[in-house]
Amino acid sequence: MEAWLSRKWKCMLFSQITLENQRTRTEYGEKTPALTDEYISKLKEELASITPPKGSGITDFQLLLVGPVGAGKSSFINTAMSPFADRIMHKAAVGTSSQSVTRKYITYPVRKSGGSCLNLRLCDTPGIGDHSGLDALNINFLLDGHVPSSFEFSCSRHISAKTPGFVHRPSLAEEAHCVAIVLDSSTINDLPAVTMTLLNDLKNLALEKGIPLAIIMTKIDKLHEEIAENLADVFKRPEVKTAVDQVSEAFGIPPNHVFPVKNYHSEMETEIAVHGLALLALRKMLFIASDALEERTSANEERQGSTADVTESDTA
Ligand SMILES: Nc1nc2c(ncn2[C@@H]2O[C@H](COP(=O)(O)OP(=O)(O)O)[C@@H](O)[C@H]2O)c(=O)[nH]1
Ligand SMILES: [Mg+2]
């Protein structure tokens with residue numbers, strides 16, 4: 001019975017992935033989207049028009065980025081902001097691969113050059129494994145929306161209900177709506193066991209709360225020099241496919257929730273292939289977040305309905 005269930009589950013999962021791949025194929029004509037100026041403009045327009053589901057009562061998606069120090073979390077935020085500002089952005093402080101300069105939890109809006117903002121916030125965190133204090137307990141508070149923006153993590157004290165600014169009763173708007181685990185694709189084989197354990201704890205916590213997960217795989221330019229030269233071909237590269245399959249397997253997250261990107265790090269001017277990959281990742285995260293929010297909203301409504309029923313029958 002167990003074996004049959006597991007076969008059935010694999011079958012369902014496989015057909016879901018195949019469907020998703022077909023959708024990607026039809027959507028872009030080929031598996032690889034042609035990252036042209038016109039396509040990027042449409043992508044930007046689409047991203048600017050995506051709003052959280054009606055009924056969820058929230059205005060902005062909260063996309064939480066977590067991962068090892070130096071993985072490229074802050075750089076991804078800058079890269080994703082850049083096409084909307086028509087220049088390379090440097091809002092989130094970027095460190096080196098061994099030292100994190102991000103010590104605080106900061107939520108960034110994405111502003112268009114016209115002045116208005118997208119309906120999302122990119123939430124930057126200190127690196128896991130950097131003695132930053134970002135352990136499972138603090139991550140739990142982050143997922144639930146208890147942590148105030150600009151809160152500085154420290155390994156010597158945990159956030160608690162007594163912490164100034166602690167959000168005591170966070171609403172759905174303050175919770176995380178999608179968690180992106182950010183990993184350096186050139187070092188995925190060298191992740192320390194303690195980091196893997198923490199990331200797996202994070203994954204389980206998020207799943208328990210109904211928060212969907214994605215993986216942003218940065219630094220794909222380091223996988224092969226030809227990738228760096230021709231980013232638009234990234235989805236056809238065997239090195240990228242192997243890395244995607246590897247992290248997907250390691251974290252139990254479907255390959256179509258793993259996004260290979262290359263962040264701005266040494267460029268002087270914007271390049272559509274660079275921010276195009278970040279925009280594709282961002283759009284998919286919004287779709288994932290939106291679908292999960294619909295589920296969470298209807299589950300909340302059902303819960304409230306049943307509480308009301310109980311209260312009514314109690315008072316009758
Ligand atoms: N080659 C390359 N370097 C990157 C990429 N993304 C980030 N970096 C570099 O990696 C280092 C750490 O980046 P940072 O964004 O501070 O990582 P964080 O600690 O996860 O926030 C910096 O030196 C960045 O310039 C990328 O896609 N390719
Ligand atoms: Mg950082």
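Predicted model: local features only at pLDDT ≥ 70, side-chain atom pairs only at ≥ 80, totals over all residues.
## Overall fold

The chain has 316 residues, of which 47% are buried. Its secondary structure comes to 8 helices and 7 strands. Among contacts with a separation of 6 or more, 71% join residues 24 or more positions apart.

## The sheet

The strands form an open sheet of 7, in the order 4-2-3-1-5-6-7. Pairing is mixed. In general, strands of a sheet pair through backbone hydrogen bonds, either parallel or antiparallel. The edges are strand 4 (151-152) and strand 7 (258-260). Each of these edge strands pairs on one side only.

Strand 5 (residues 178-184) and strand 6 (residues 213-218) run parallel and share 6 bridges. Here Asp184 stands opposite Thr218 of strand 6.

## Strand 1

How many residues of strand 1 are buried? The count is 6 of 6, so strand 1 is largely enclosed by the rest of the structure. Its side chains split into two sets. Phe61, Leu63 and Leu65 point one way, while Gln62, Leu64 and Val66 point the other way. Both sets are buried.

Strand 1 has parallel partners in strand 3 and strand 5. With strand 3 (residues 117-124), the pairing is parallel over 4 bridges. Gln62 stands opposite Arg121 in that strand. With strand 5, the pairing is again parallel over 4 bridges. There, Leu63 has Cys178 as its bridge partner.

## Helices 4 and 5

Helix 4 (residues 136-144) has these buried residues: Asn138, Ile139, Phe141, Leu142 and Leu143. An α-helix has 3.6 residues a turn, so residues three or four places apart point the same way. The buried residues of helix 4 pack against strand 1, strand 2 (104-111), strand 5 and helix 5. Just after helix 4 comes Gly145, with a positive phi of about 85°.

Helix 5 (residues 193-209) lies across strand 1 (61-66), strand 5 and strand 6. The angle between helix 5 and strand 5 is about 165°.

## The enclosed cavity

Rolling a probe the size of a water molecule over the atoms shows where empty space is left. The count is 1 cavity of 30 Å³ or more. The largest cavity has a volume of about 40 Å³.

Which residues line the largest cavity? They are Gln62, Leu64, Tyr105, Cys123, Leu142, Glu174, Glu175 and Ala176. The lining divides into 5 nonpolar, 1 polar and 2 charged residues. Leu142 is one of the buried residues of helix 4.

## The second largest pocket

The second largest pocket holds about 550 Å³ of space. It is lined by 32 residues. Closest to its centre are Ser75, Val94, Gly95, Tyr264 and His265. Helix 3 (residues 73-85) gives the most to this lining, with 4 residues.

What is the make-up of the lining of this pocket, by nonpolar, polar and charged residues? It divides into 9 nonpolar, 16 polar and 7 charged.

Technical notes: Residues numbered from 1 in each chain as written. Chains lettered and ligands numbered in written order. Heavy atoms only, no water. Pairing = 2+ DSSP bridges. Helix = DSSP H or I, 4+ residues; strand = E, 2+ residues; numbered from the N terminus. Contact = heavy atoms within 4.5 Å. Axes fitted to C-alpha atoms, helices over the stretch in contact; angles between N-to-C directions. 1 Å grid on protein atoms, 1.4 Å probe; cavity = no way out; pocket = protein on both sides within 12 Å on 5 of 7 lines; lining within 4 Å. Points joined across faces, edges and corners; volume = space filled by probe spheres on them. Nonpolar A, V, L, I, M, F, W, Y, C, P; charged D, E, K, R; others polar. Buried < 20%, exposed > 50% of the residue type's maximum accessible area, 1.4 Å probe, protein only.
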